[in-house]
Protein chains: 2
Amino acid sequence: MNAPVDIKLYMEDIGRRARAAARLVARADTATKNRALAAMAAAVRRDTAALLAANAADVAAARAAGKDAAFVDRLTLTQTSIDAMARGLDQVAALADPVGQVSEVRERPTGIKVGRMRVPLGVIGIIYESRPNVTADAAALCLKSGNATILRGGSESIRSNRAVADCVHEGLRAAGLPADAVQVVDTPDRAAVGELLRMNQYVDIIVPRGGKGLISRVMAESRIPMIKHLDGVCHVYIDERADPERAIRIADNAKTQRYGTCNAMEALLVHEAIASRVLPPLARIFLDKGVELRCDAASLAIVRAQAGNSPLVKAATEQDFGTEYLAPILSVVVVASLDAAMEHIAKYGSQHTDAIVTDDPERAQRFLREVDSSSVMVNASTRFADGFEYGLGAEIGISTDKLHARGPVGLEGLTSQKFVVFGTGQIRT
Amino acid sequence: MNAPVDIKLYMEDIGRRARAAARLVARADTATKNRALAAMAAAVRRDTAALLAANAADVAAARAAGKDAAFVDRLTLTQTSIDAMARGLDQVAALADPVGQVSEVRERPTGIKVGRMRVPLGVIGIIYESRPNVTADAAALCLKSGNATILRGGSESIRSNRAVADCVHEGLRAAGLPADAVQVVDTPDRAAVGELLRMNQYVDIIVPRGGKGLISRVMAESRIPMIKHLDGVCHVYIDERADPERAIRIADNAKTQRYGTCNAMEALLVHEAIASRVLPPLARIFLDKGVELRCDAASLAIVRAQAGNSPLVKAATEQDFGTEYLAPILSVVVVASLDAAMEHIAKYGSQHTDAIVTDDPERAQRFLREVDSSSVMVNASTRFADGFEYGLGAEIGISTDKLHARGPVGLEGLTSQKFVVFGTGQIRT
C-alpha cells in the first residue's frame, strides 16, 4: 500500500475496525481461537520461502540505508527463527484460555451471588521496532486473550511484517474470525505512531516493545494506559548471612549469563561483614570474563587488593548507581546493613527485579516485603524474571508499573476482571 | 495555614514527604495499622463538639458565599454523620489486611518457586469536593492497604477537613506511624490540584471523588493513572424470556429506589415480544412516581396507549440514549433481539453497570460475557453495584476503566501484586 493521503483518517479507520472486531473476538470460544492459531502456524510453515524472500528485501534495504549490524541482526529472519515463530503460535494455542473464567463467587446476605469474570481488555496497540517475529507473537497472545490488535512495527521491517500478517489473516479467516482482529499499520509515515497514541476512543492499551528511545517517546506522547518498562537496573544484595558459594554463583549468573537483557544485574550490593569473603573471588570471575567493575570506596579497596592495577577496576561515580549498562560493566557497593541495601535499591533501582542472597528467613521476608520491585527474589538469579521461566507460557512484555500488571505479562495481563452478579429477582431496599 | 508563596514547592514538599512515609506505612503490620484506626475513631468520637464547631464555620461561610442547599447539605456534618465516620474507621480496622498476602505459588522445573505477593501502590492522591467524611474514609482505606495519602478536599470544607485530619494524625502517632502518611493539602489555592495531578514522581494513583466536572478536569490534566468513573449510563434489558413480574420489580427498583446514584438505571430496553406485557404496568408505576419517560417510536405507542396524554411521556431523541439523567427521567427502547439490546448498550452505555432479566441461562451467559461493563448482572437490580453490597467492606470509588480495577474498588484495588521468587541458589542456564 502507498502512504495514505490523510494519516489521521487512515488511523481512525483502523481504530474503528479494531473496535468492531474486538467485540467479535471477545466472544469467540477457545476452540475457534485455537483453530485460528493452528492455521496461522501452518501458513507460516508453508510460506517459509515467501517470508524469507520478503525479509531479504527488508534486509537489503536496511543494509543499503547503512543500518548497523545489530539492527540487521534483529531484522533478519532465518529458517530457524521462522520455525520458532510457528512453534510459538502452537504454544499459545496450547495455553489455557483466561477469557470467561469466573472466580471468587460468593453469596451475599441479600441473596445475590457476586463473582469476577475475566474478560479481554478490548483493543491493544503494539508498537515495536525491527523484529518481525513480534508480529506473530503479539498477534497470537492478543488473539488468545480475546483482544483485537493494531500492530505498528518499524518501517524497515514492513515487507516482512506484511508477509507475516498474510499468514495471520489466513489463520483468522480459516477460523471464521474477522481479519480486522489483527491489523498491521501499513505506512512508513511516522505520524501513524502519534495518531495511534492519541486514539484513546479506540485503543485500550499500548504495549511498546523496543529500546528506551521508543518507550520514552510513547510515554511522552500517549495518554492511553501502557504495559511497559523503561529501565532494568537490577540489584543482587549479598547479605552477611548468605552462603558464600551460593552468593558467588548467583551474582556471576545474574551479571554474565547475558549482558544485554533487562533482568541482568547492574549493581552488586555486599554486606560489609561478608565483603572480604565474597568480593575477591567474585572480582576474579568478573575480571576474567572482562567485566568492568565500578566500585565504591569500600569495595574498591577489597577489589584492588585482589586485582592489582587491572584497568577494568574503577572508582564508581554517583551516576553509575542508577545506570542500566546492558554491557559487561557492574557497579559494586559495600553496605553496612540490610536497611542500607534496601535504601540503595529504593534510591537507584528501577523497580524491575532485585534479589537477596541470605540464609536468614526473617531478612529474606523483609526484603521480599519491602523492596518495591515487580519481581523480588530470594536466593535466585535475577535472570529468572521472565514469562517463560515464571510459567506464564509466553510474555507480551515486562511491566515495571504498579497498576494492573507488574513483572512479566502473559495472557492474564491482557485481560481484566469485571464483576458478575447472579440474582433471582433481588432488588435493593 | 496561609497560602504558601510558592505552590509548586509546597506541593513538592508534600509529595516528597508522602513518598518517604509510604515506605514506612507499607511495612507496618496489621496490628499497628488497626491500632491507628481505632485511635482515630476514638479521637473522632471524643472531638465531636470540635468537629461540629469547625464544620459550622465552613457551613456559615458556604451559606454566606451563596452556595445552594444541596451543596450545604453535602458539606454539613451532624452528630449522626460523625458517629458514622467513627464507625467507618472501626469497620476498616475489622477488614482483612491484603498487604503481604502470597498466592499462586508454584514450583517451576528449574526448582524456583514463583508466587505473587500483594503490595501497596505507594502514594494515593484523593481529590474530592465538599464532603468532609471523605477525609476519614479515604485515609482509613489507604492506610489499611499500606499506602500514604494526599487529600485535597474542596476549599469550602477546609476547616472541617483540618479538624478530621487532627484526629487522623493523632491516631497515626498513637500507633507510632508517621503523620505524613496522611497529609491534607491545606491551601485554598486551586493551583494545588494542578500540581498534584502532575507529580507523577511522587503520586502513584489519583482517585477523583465528585461530580463530572471534577472528574473531567482531572482526566484532562493528569497523566497519573486514575481510579475513576465518568458516567453511569446503566441499562436494564428485559428479555423475551423474562419473568414479567420479576422484570417489573427489578426495573422499578433500578430506576426509582434512588435517582441520583451512578448505578441507577437510565435506559430500559425491552424485547419486542414481551413489551406489550411489561411496558404498560411499568409505565403506570413510573408515571405514578413522577418519572418522565422518553420513548422510542415502538415503546411510545405502547406507553401512550396506557398513559394517554400524560405530559411525562415524550418521544426520545438520539441524545437521550447516552444521557445520565441522575433524575426521574428514563429512556425506553423496544429492541428486536438480545443482540440489538447488546448493540444499544455498546453504543450508548458507559461500561458501568448493565443487567438482563431473563430465565434463559444461555442468553444470560451471552449477556454476562459480551456486555463490556464493570458490573454485569442477571436478574438483579443495577442498584447492587456497590462495594458494601458486593462484600468489599468499603469502597474508595467505582472504576469504569478496564485496567487494574473495574467496578467498586475496595482495599484490594488499592494494592497490586508483584512476583516473588523463592530459590535455593538456582541460576539460569
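Two residues are in contact if their C-beta atoms, placed from the backbone, lie within 7 Å. With that in mind, let's start inside chain A of this predicted model.

H3(A) covers residues 48-64, and at 1.5 Å a residue its 17 residues should span 24 Å; the end C-alpha atoms are 24 Å apart, which agrees. Just after H3(A) comes Gly66(A), which takes a positive phi of about 80°.

## Parallel strands in chain A

Strand E9 of chain A (residues 292-295) has parallel pairing with strand E11 of chain A (residues 329-335), over 4 bridges. E9(A) also runs parallel to strand E10 of chain A (residues 313-315), joined to it by 3 bridges.

Arg294(A) is a handy residue to look for here. Arg294(A) stands opposite Ser331(A) in E11(A), and opposite Lys314(A) in E10(A).

## A buried cysteine in chain B

Turning to chain B, Cys262(B) sits in the loop between H10 and strand E8 (265-271) of that chain. Is Cys262(B) buried or exposed? Cys262(B) has 22 other C-beta atoms within 10 Å, and a residue counts as buried at 20 or more, so Cys262(B) is buried.

Which residues does Cys262(B) touch, leaving aside its neighbours within four places in sequence? Its contacts are His229(B), Gly232(B), His352(B) and Ile398(B). Leu326(B) lies 64 residues from Cys262(B) along the chain, yet the C-alpha atoms of the two are separated by 7.3 Å.

## How the two chains are related

Now for the pair as a whole. Chain B can be superposed on chain A by a rotation of 180° with 0.0 Å of shift along the axis, giving an RMSD of 0.1 Å. That is the relation of a two-fold axis.

## Where the chains meet

The contact between the chains takes 59 residues from chain B and 59 residues from chain A. On chain B, the elements that each supply at least two residues to the side touching chain A include helix H1 (7-27), strand E2 (113-120), helix H10 (244-256) and helix H14 (361-370). Strand E13 (375-380), helix H15 (387-390) and strand E16 (415-426) of chain B are also among them. The largest share, 11 residues, comes from E16(B). By type, the residues on this side of chain B divide into 23 nonpolar, 19 polar and 17 charged. Of the interface residues of chain B, 100% are also interface residues in chain A, so the copies meet through the same surface.

Strand pairing crosses between the chains as well: strand E16 of chain A (residues 415-426) pairs with E13(B) in the parallel sense, over 5 bridges. Within E13(B), Met377(B) is the residue that Val421(A) stands opposite.

How values were computed. Residues numbered from 1 in each chain as written. Chains lettered and ligands numbered in written order. Predicted model: local features only at pLDDT ≥ 70, side-chain atom pairs only at ≥ 80, totals over all residues. Least-squares fit on C-alpha atoms with pLDDT ≥ 70 in both. Nonpolar A, V, L, I, M, F, W, Y, C, P; charged D, E, K, R; others polar. Pairing = 2+ DSSP bridges. Expected span 1.5 Å × (residues − 1). Buried ≥ 20, exposed ≤ 12 C-beta atoms within 10 Å, placed from the backbone.
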